[in-house]
Every structure is written in C-alpha cells, then in structure tokens.
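These are my notebook entries on a single structure, written down in the order in which I looked things up.

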Amino acid sequence: MQKTYIKQFPYIRIFACFAIVVLHTLFASNAYYDGLITGTEKLVTQTAENMLMWAVPCFLMITGALLLDENKNLTGEKIFKYTRRMVISLLVFTLLFQILDYATGFQKNLLTGWLYRLFTGQSWAHMWYLYLMIGLYLMIPFYKMVADHATDRQMWGLIGSIVLFVSLLPLSRIFGLEPGFYIPTTMIYPAYLFLGHMFRKKSLGKVESWMLFLIPSVIIIMLSTYCSAVLGQMSDETFQILFGYGSIPVVLQTAGMYNLLMNIDVKERSRVNTLNDCSFGIYLIHMIFVTASMKWFGFNPYRYNFLIFIGMALVFFVAAFIITYILRKIPKVNTIL
C-alpha cells in the first residue's frame with residue numbers, strides 16, 4: 001500500500017488553523033461586547049466571521065483525502081487509534097476548561113458540572129469539532145467502502161445528493177416553506193470527506209478555483225449585509241441555512257479555497273511540518289487565550305483599529321503553538337496533541 005502524501009496539506013492545515021483562530025477571536029469579541037458596539041462594527045465582525053467558515057471544512061477535506069484513499073489500508077486498529085485520540089482529548093480538555101471556569105467563578109460545580117457539560121456537549125464552543133470527529137471516524141470504514149467501490153460519477157452523485165438535501169432544500173425555510181423531502185444523512189460533513197477524496201484524485205484548475213471561491217464570497221458578503229440591515233438578529237436556523245457549514249455558499253467557497261491552496265507550488269520544510277504537527281493542539285489551546293483576554297480580563301478590541309483582531313489572533317496562535325510544542329515533548333502527550 002502506498003502512503004498518501006500531498007505537500008500542500010501541511011500548508012492548508014496551518015492556514016486553516018490560523019483562520020479558525022481569527023474566526024474565534026471575532027466570534028468571542030462579538031459575543032462578549034455585543035451591546036457595546038455600533039451597527040457597523042457588528043456588521044463588519046459578522047461578515048468577517050461568515051467569510052471564514054471554510055476553515056474547518058478544509059480540515060475535513062484533508063481527512064477525507066487521506067483516509068478514503070483507495071491505496072490506504074484502513075484497519076480497525078487505526079480507526080481505534082484515531083478515535084481514542086479524540087476521546088482522550090475531549091475528556092482532558094473539557095475537564096481543563098471546567099477547572100478554569102470553576103476557578104474564575106463562571107461554574108459552581110466542578111465534577112458534576114464537568115460530567116454534565118461533557119455528555120451534553122456544552123463545554124467551550126470549539127469542542128464541538130471533537131464530537132464530530134469521533135462520529136466521523138467511527139463511520140469512516142463505511143464511507144471508505146463507498147469510496148473504494150463507487151465510480152467517479154457515483155461519487156459526485158452522492159456528494160450532489162447530500163448537498164441537495166442538506167444545503168439547497170433548507171433554503172425554502174427562509175420563505176416559510178418546510179421541505180417534505182429528506183434523507184437520513186442530515187449533516188453536510190460526510191460530503192466534505194468525499195469532496196476531499198475526489199479533489200485528491202483530480203483538483204480544479206486555478207481559474208475554476210478562483211471563480212468557485214470569489215462568487216460565493218461575494219454572495220456571503222451580500223447576504224451578511226442584507227441580514228444585518230433587514231433581519232437584524234438572525235435565528236440560529238437562519239444562520240445555519242445561510243452561513244453554516246451546510247450553507248451552499250460556504251460549501252462552494254470551501255471547495256474553491258481548498259483547490260486554490262492545492263494549486264500553490266510549495267516546498268516541504270521542517271518548520272512547516274512542525275507547525276502542522278502542532279495544529280490540533282493549537283486548535284484546542286488557543287481558546288484559553290481568547291477567553292482569558294476578553295471574558296476574564298475584559299479586554300475590548302473594539303476600542304482599537306480592526307487590525308487588532310489579526311494581531312490578537314497571531315499572538316494567540318503563537319502562544320498556543322509554543323505550549324503545544326513544549327507539551328508534545330512529553331512522552332505519550334504527543335499522541336494526543
């Protein structure tokens with residue numbers, strides 16, 4: 001069996017990881033200082049958030065490209081290893097975050113509170129990704145059977161069916177029409193795995209990639225402006241339909257961004273590989289700095305130029321990287337982070 005290696009993947013992970021840190025910095029500032037900012041500041045913040053929703057799906061597409069490769073021997077032992085890493089990380093970091101919230105007075109019950117938030121998924125918001133990956137890893141053997149035996153036409157048909165029912169049909173709810181059609185696959189995430197698999201086999205050209213990224217991006221900006229001016233405060237369902245990971249503009253924008261990055265001619269570098277190896281730890285740890293700066297210490301970035309958000313995200317990214325890099329030197333910890 002040949003090992004799948006694509007030299008752009010480390011760069012995509014690092015770029016997407018930094019985009020996630022920026023996204024979470026914007027989201028936290030918008031949440032903590034919602035009542036203290038102007039309408040323009042809120043619009044700019046939310047538009048920037050909506051424009052960065054491609055970041056997490058890019059991670060999923062890399063996962064699909066690697067694990068659904070027909071040349072990869074995906075044993076039960078490997079699936080157990082991937083799943084165990086997510087489970088242990090979930091247990092450790094939800095407990096850590098519970099301790100931090102308890103120490104700072106935001107949670108009253110330590111152990112029972114942790115167990116409740118762990119089971120219900122109500123720990124810090126970014127931990128949803130670990131719950132998702134546990135489910136996807138358990139389903140990967142079945143997804144791989146499909147990828148191994150389906151023709152390219154069948155694969156695109158499967159992706160199209162998921163996008164149709166998860167992304168397109170729900171748009172009718174905005175107009176008060178509840179679609180009667182549905183399929184058991186109620187989430188978009190498997191489609192990102194399959195997209196990563198298909199684009200590994202044949203990526204799009206630069207022109208197609210730019211068009212696939214820019215056109216949905218313009219639509220997202222227009223929708224963000226419209227929703228801010230007309231709808232005001234969006235319901236969670238409306239947000240998910242228009243800007244969530246299942247939103248058709250986000251699906252198309254993600255495909256465009258992913259292929260744009262895949263078309264970049266890059267070289268393998270040890271420093272890039274080091275950052276890449278720490279990307280999961282950066283994802284887990286950076287929220288400590290985001291939360292500490294705004295929730296615990298009350299730092300309001302809106303008092304400064306909007307470039308402060310990029311500066312803060314860069315500081316959080318680097319700090320999380322340094323901690324992850326040090327922790328990965330500890331035996332056994334590197335298998336988690």
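Entry 1, the surroundings of Ala313. I looked up what Ala313 touches, leaving out residues up to four places away in sequence, and found Phe18, Val21, Val22 and Thr25. The model I am reading is a predicted one, and I keep that in mind for every value noted here. Ala313 is found in helix H14, and its relative accessibility is 0%, so it counts as buried, the cut-off being under 20%.

Which residues of H1 meet H14? On the H1 side I listed Ile14, Cys17, Phe18, Val21, Val22, Thr25, Leu26 and Ser29, and on the H14 side Phe309, Ile310, Met312, Ala313, Leu314, Phe316 and Phe317. Sorted by class, this contact has 13 nonpolar and two polar residues, with no charged ones. I then looked up the geometry, since two packed helices are described by the angle between their axes and the distance between the axes. Helix H1 covers residues 9-32 and helix H14 covers residues 307-327, and they pack at an angle of about 120° with their axes 9 Å apart. Roughly perpendicular pairs run from 65 to 115 degrees and roughly antiparallel ones lie over 145, and H1 and H14 are therefore oblique to each other. Their crossing is right-handed.

I turned to helix H6 (residues 128-149) and helix H8 (residues 189-201), whose axes come within 10 Å and cross at roughly 55°. H6 and H8 are therefore also described as oblique to each other, and the crossing of H6 and H8 is right-handed. From H6 the contact is made by Trp128, Leu132, Leu136, Ile140, Tyr143 and Ala147, while H8 brings Tyr189, Pro190, Leu193, Phe194 and His197.

Is Ser123 buried or exposed? Ser123 is found in the loop between helix H5 (111-120) and H6, and because its relative accessibility is 11%, it counts as buried. Setting aside neighbours within four places in sequence, I found Ser123 in contact with Thr94, Phe97 and Arg117. Lys332 lies in the segment after H14, and with 65% relative accessibility it counts as exposed. I marked its backbone as well, for Lys332 has a positive phi of about 80° although it is not a glycine.

I counted 14 helices and zero strands in the protein chain. Of its 337 residues, 47% count as buried. The C-alpha atoms fill a box of roughly 55 × 55 × 40 Å along the principal axes. A compact globule with 337 residues would have a radius of gyration near 20 Å, and the protein chain has 20 Å, which agrees. Last, I looked at contacts between residues at least 6 apart in sequence, and 80% of them join residues at least 24 apart.

Terms used
Residues numbered from 1 in each chain as written. Predicted model: local features only at pLDDT ≥ 70, side-chain atom pairs only at ≥ 80, totals over all residues. Heavy atoms only, no water. Axes fitted to C-alpha atoms, helices over the stretch in contact; angles between N-to-C directions. Helix = DSSP H or I, 4+ residues; strand = E, 2+ residues; numbered from the N terminus. Parallel < 35°, antiparallel > 145°, perpendicular 65-115°, else oblique. Left-handed = near helix turned anticlockwise from the far one by under 90°. Contact = heavy atoms within 4.5 Å. Nonpolar A, V, L, I, M, F, W, Y, C, P; charged D, E, K, R; others polar. Rg over C-alpha atoms; globule rule 2.2 N^0.38 Å. Buried < 20%, exposed > 50% of the residue type's maximum accessible area, 1.4 Å probe, protein only.
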